[in-house]
Amino acid sequence: MALDKLNSPQIGSSINAWLPFLFYCALSLTLMLVDSRFRISSAIRSQTSVLASPAWWLASRPYALWQNGASAVTTNRELRRKVDALEARQLKTDLILQRVAALQSENDAMRGLLRAKQRLSLEARMVELININPEPSQKRFVIDKGSSQKVRVGQVLIDAHGLVGQVSEVYPGKSLVIGITDADHALPVMVARSGLRSILFGQGNDRRLSLANLTPSDDIKAGDVLLTSGIGGRFPPGIPVGVVKQFKQDEALTFLSAQVQPFAHLAYGRHLLLLDLVGNRSAAAPSPSGRPAMTPNKPSFTPARPAPASDKRSETPVQAAPANVPAPGPDAEPKP
Amino acid sequence: MIRRDSPALRWLSIALAFFIMIIPMAEWLAALRPFVLALVMMFWILETPRKMGLGRVFLIGLLLDLTSFAMLGEHAFRLLLMAGVVHQLRNQFRFYPIWQQSLFMLAILYVDLVVLSGLRLIQGLPQPVIETWISPVLAFLIWPWLYMFLDNLRMQSRSK
């Protein structure tokens with residue numbers, strides 16, 4: 001390699017020998033600076049993902065083998081017991097679902113009476129985790145569906161228990177997901193009991209999220225369940241996120257912050273559900289600039305975007321309305 | 001007579017160490033994961049310094065940055081610093097007893113963690129988790145075995 005001819009094996013023997021070392025150090029520091037300012041690494045990564053994909057695939061083999069091996073040695077009896085347990089659970093969920101179906105039709109009728117827009121239905125598809133970020137403080141991982149499977153930036157992932165994260169970068173055949181527990185992630189949530197809205201921040205820890213800047217008069221207490229509020233139009237409303245555990249006073253004694261335990265089992269399992277919004281494109285599509293409305297790197301919260309003027313009114317995102325307040329009818333629509 | 005090393009063993013061991021760095025693991029295990037790639041790289045700098053120049057070190061680091069979702073240049077910079085020190089101290093280092101080499105690795109990996117922590121601080125990224133600070137001890141324990149294993153393989157491949 002031409003680069004190596006520059007280097008004598010012993011740097012320090014003369015001042016010239018130090019030059020390549022300083023050159024490469026300066027180069028890598030410049031790259032870091034440029035990357036932290038302009039986020040070039042995601043662009044480069046999506047360009048080179050064809051090269052990185054085999055590496056990710058190979059690196060995930062030991063874990064996949066481990067899981068396959070574990071399933072190969074499960075006995076018939078264990079499987080039967082599992083099937084029985086699952087069947088019992090299915091019966092219970094079927095019962096609940098019947099009630100939900102009745103409630104849903106009732107709700108639809110009432111929304112019709114109030115001339116509120118109908119909620120969108122969600123469809124989910126199964127995706128597989130391919131790799132996770134080796135750095136434990138960052139909660140990012142790769143899934144096996146990408147732009148060729150019509151995955152878009154901002155789509156939401158859940159597991160059987162709650163919200164997991166959102167798609168932050170899409171490559172052909174793969175996507176990068178940022179988890180809600182990532183230290184750079186912010187999520188608009190709502191207390192299920194009182195309707196209090198707030199922003200939930202990740203902490204880089206799988207068992208802890210933080211709800212900051214609460215005042216003592218806010219109606220929230222330990223044990224409250226948090227749902228996505230749907231504000232911002234990125235996350236569909238009503239997805240369970242976590243439960244409030246305990247409160248902490250900040251140094252100035254003016255605000256409280258709450259510790260929240262996420263429902264999703266973020267450190268376990270290989271399969272997740274990717275949510276697709278059915279019958280609505282404007283809500284889930286990335287903003288016109290191509291950047292997500294809430295970029296993972298900026299823990300800022302953008303309010304609901306006004307719908308572009310060209311959009312038909314029937315297509316404006318209804319998730320932007322708080323769940324318990326009926327959205328205004330078409331005639332009451334505020335001007336963008 | 002100087003026998004030439006075959007590059008196959010070098011690149012194979014580097015590739016293997018590279019995969020160890022990006023294999024998904026449970027969180028506590030991932031935090032304890034020693035910087036194996038740095039150890040293997042330093043071994044080859046000690047043995048065949050001309051074949052492991054700073055340009056190659058830089059490229060390996062950049063590849064690791066791209067595949068492990070790190071900030072671009074982060075691993076490259078950390079590996080370069082270590083490579084620079086080892087290139088510099090190579091002549092003395094090769095005559096150290098192996099436990100002193102291990103101690104040296106322990107020290108250099110701790111310095112590396114301090115560098116990492118500083119880089120993260122400047123960029124406003126989350127600090128490495130606390131268990132990460134145990135990982136150089138594991139590297140310290142691994143180094144003698146890694147050294148002997150690679151050295152053996154290298155001698156065998158040369159004697160053929």
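This is a predicted model: local features need pLDDT of at least 70, side-chain atom pairs count only at pLDDT 80 or more; totals for chains, interfaces and linings use all residues.
1. The largest cavity has a volume of about 370 Å³. Its lining consists of 26 residues, and those closest to its centre are E135(A), M21(B), R33(B), H75(B) and R78(B).

2. Lining of the largest cavity. Four helices of chain B, namely α2 (27–32), α5 (74–93), α6 (98–123) and α7 (135–159), each supply at least two residues of this lining. Which element gives the most to the lining of the largest cavity? That element is α6(B), with 5 residues. By class, the lining of the largest cavity has 14 nonpolar residues, together with 6 polar and 6 charged ones.

3. Largest pocket. The space in the largest pocket amounts to about 990 Å³. The pocket is lined by 47 residues, and D206(A), A267(A), M25(B), A26(B) and E27(B) lie nearest its centre.

4. Lining of the largest pocket. From chain A, α4 (49–72), β1 (122–132), β2 and β7 (197–205) each supply at least two residues of the pocket lining, as does α2 of chain B. The element that gives the most is α4(A), with 6 residues. The lining of the largest pocket divides by class into 23 nonpolar, 12 polar and 12 charged residues. The helix α2 of chain B supplies at least two residues to the lining of the largest pocket and at least two to that of the largest cavity.

5. Interface between the chains. How many salt bridges are counted between chain A and chain B? The count is 0.

6. Backbone at K150(A). Although K150(A) is not a glycine, its phi is positive, at about 65°. This residue is found in a loop of chain A, between β2 (140–143) and β3 (156–158). K150(A) counts as exposed because its relative accessibility is 67%, above the cut-off of 50%.

7. Backbone at N213(A). A positive phi, of about 55°, also occurs at N213(A), which is not a glycine. N213(A) lies in a strand, β8 (residues 208–214) of chain A. Is N213(A) buried or exposed? With a relative accessibility of 57%, N213(A) counts as exposed.

Technical notes:
Residues are numbered from 1 along each chain as its sequence is written. Chains are lettered from A and ligands numbered from 1 in the order in which they are written. Side-chain values use heavy atoms; hydrogens and water are left out. Buried means under 20% relative accessible area, exposed over 50%, partly exposed in between (1.4 Å probe, protein chains only). On a 1 Å grid over the protein atoms alone, a cavity is a set of points where a 1.4 Å probe fits but cannot get out, and a pocket is an open set with protein on both sides within 12 Å along at least five of seven lines; lining residues have an atom within 4 Å of a point. Grid points are joined across faces, edges and corners, and a volume is the space filled by probe spheres set on the points. Ala, Val, Leu, Ile, Met, Phe, Trp, Tyr, Cys and Pro count as nonpolar, Asp, Glu, Lys and Arg as charged, and the others, Gly among them, as polar. A salt bridge is a side-chain nitrogen of Lys or Arg within 4 Å of a carboxyl oxygen of Asp or Glu.
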